[in-house]
Structures are given as C-alpha cells and as structure tokens.
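Please report on the side-chain packing of this structure.

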Amino acid sequence: MAAFEMASLLLITVVIGGSTAIIVLAGVVLARSRRASTVRLFGRVLHHPRLWATVAVSAGAAGLLSEAREHMPSGWQEPSMNVLGVLQVAFSSLFFIHLYLQSRANRAAKARSAAPAGGQQGAQGNGVGA
C-alpha cells in the first residue's frame with residue numbers, strides 16, 4: 001500500500017472513531033442530565049448539558065455522513081450533501097449559543113462564590129454605631 005493510501009485510511013478511521021465516540025459521549029451526558037441541570041464532564045462543570053449533547057450529536061453525525069458519502073449510490077449524493085449542510089449549520093449555530101450560555105453561567109457562578117455572606121458586613125465595622 002502506498003503512503004497516501006495509508007494516510008487516507010488512517011484519517012478515515014480517526015474521523016469515524018471520533019464521530020462515534022462523541023455521539024456515545026453525548027448519550028452519556030444525556031443520561032446523567034436526567035437528574036441534574038449540570039453535569040461534570042472531564043472534571044469541568046457543564047451547564048446546559050442537553051444543548052451540549054445536541055451540538056455533539058450534530059457534529060458526530062456530520063462526520064459520519066461525510067465519510068459515508070463516498071460509498072453511497074450516485075442518486076443519494078445530492079440529498080446527503082444537503083443533509084450534511086444542515087448538520088454543519090446546526091452545529092455552528094448551536095455551538096456558539098452553547099459557548100455564550102456556558103460563559104454566562106460560569107461568570108454567574110464565580111460572582112456567587114466571590115460575594116461576601118449577607119449578615120457579616122455589620123460585624124466588620126462599617127462605621128455605623130461607632
């Protein structure tokens with residue numbers, strides 16, 4: 001086998017394996033999110049896990065479809081290209097929405113953790129009654 005064929009086969013294997021792995025990971029996130037509004041994923045808090053899972057499934061399905069198009073009949077090429085375009089647009093728009101919501105939730109969580117406790121200001125001597 002030529003080096004180009006080996007590299008091509010390796011790339012196809014990586015894309016198919018990565019796409020399948022991300023779809024499985026989305027299923028795990030969906031299963032964990034049934035009981036909670038946040039999920040820990042690789043040690044980080046993931047807000048809006050169902051939105052993240054939708055983004056992951058659209059990316060994984062687009063990857064699988066792009067590799068499967070080579071082996072489809074010629075009559076399926078045009079519809080599969082349209083479906084691939086829809087999946088890519090869905091991934092792009094939902095990904096940026098998720099990034100915005102995730103950063104907003106992280107900022108709110110930091111603000112809550114950095115805020116002082118409510119009843120401790122008077123005990124610190126704020127000048128009232130001194």
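Phe91 and Phe95 both sit in helix α3, which spans residues 77-114. They are four residues apart, about one turn of the helix. Helices here are DSSP runs of H or I with at least four residues, numbered from the N terminus. This is a predicted model: local features need pLDDT of at least 70, side-chain atom pairs count only at pLDDT 80 or more, and totals for chains, interfaces and linings use all residues. Residues are numbered from 1 along each chain as its sequence is written, and side-chain values use heavy atoms, with hydrogens and water left out.

**Aromatic pairs**

A pair of aromatic rings is described by the distance of the centres and the angle of the planes. Rings of Phe, Tyr and Trp (its six-membered ring) pair if their centres lie within 6.5 Å. Planes under 30 degrees apart count as stacked, over 60 as edge-to-face and the rest as tilted. A search of the whole structure finds two such pairs.

| Pair | Centre to centre | Angle between planes | Geometry |
|---|---|---|---|
| Phe91 and Phe95 | 5.4 Å | 20 degrees | stacked |
| Phe95 and Phe96 | 5.7 Å | 65 degrees | edge-to-face |

Ring pairs link Phe91, Phe95 and Phe96 into a cluster. How exposed are these residues? Relative accessible area (1.4 Å probe, protein chains only) sets the class: buried is under 20%, exposed over 50%, and partly exposed in between. Phe91 counts as partly exposed because its relative accessibility is 29%. Phe95, at 33%, also counts as partly exposed. Phe96 reaches 55%, so Phe96 counts as exposed.

**Nonpolar core**

A nonpolar core is a set of buried Ala, Val, Leu, Ile, Met, Phe, Trp, Tyr and Cys residues joined through side-chain atoms within 4.5 Å. The largest one has seven residues: Ala26, Val29, Leu41, Leu46, Trp52, Ala53 and Ala56. The most come from α2, with three residues. Leaving out residues up to four places away in sequence, Ala26 touches Trp52, Ala53, Ala56 and Val57. Contact means heavy atoms within 4.5 Å.

**A buried arginine**

Arg69 lies in the loop between α2 and α3. Arg69 is buried yet has no salt bridge. A salt bridge needs a side-chain nitrogen of Lys or Arg within 4 Å of a carboxyl oxygen of Asp or Glu. The nearest side chain of opposite charge, Glu78, is 7.5 Å away. Lys and Arg count as positive and Asp and Glu as negative, while His and the chain ends are not counted. Beyond four places in sequence, Arg69 touches Gln77, Ser80, Met81 and Leu84.

How values were computed: Helices (H or I, at least four residues) and strands (E, at least two) are DSSP runs, numbered from the N terminus.
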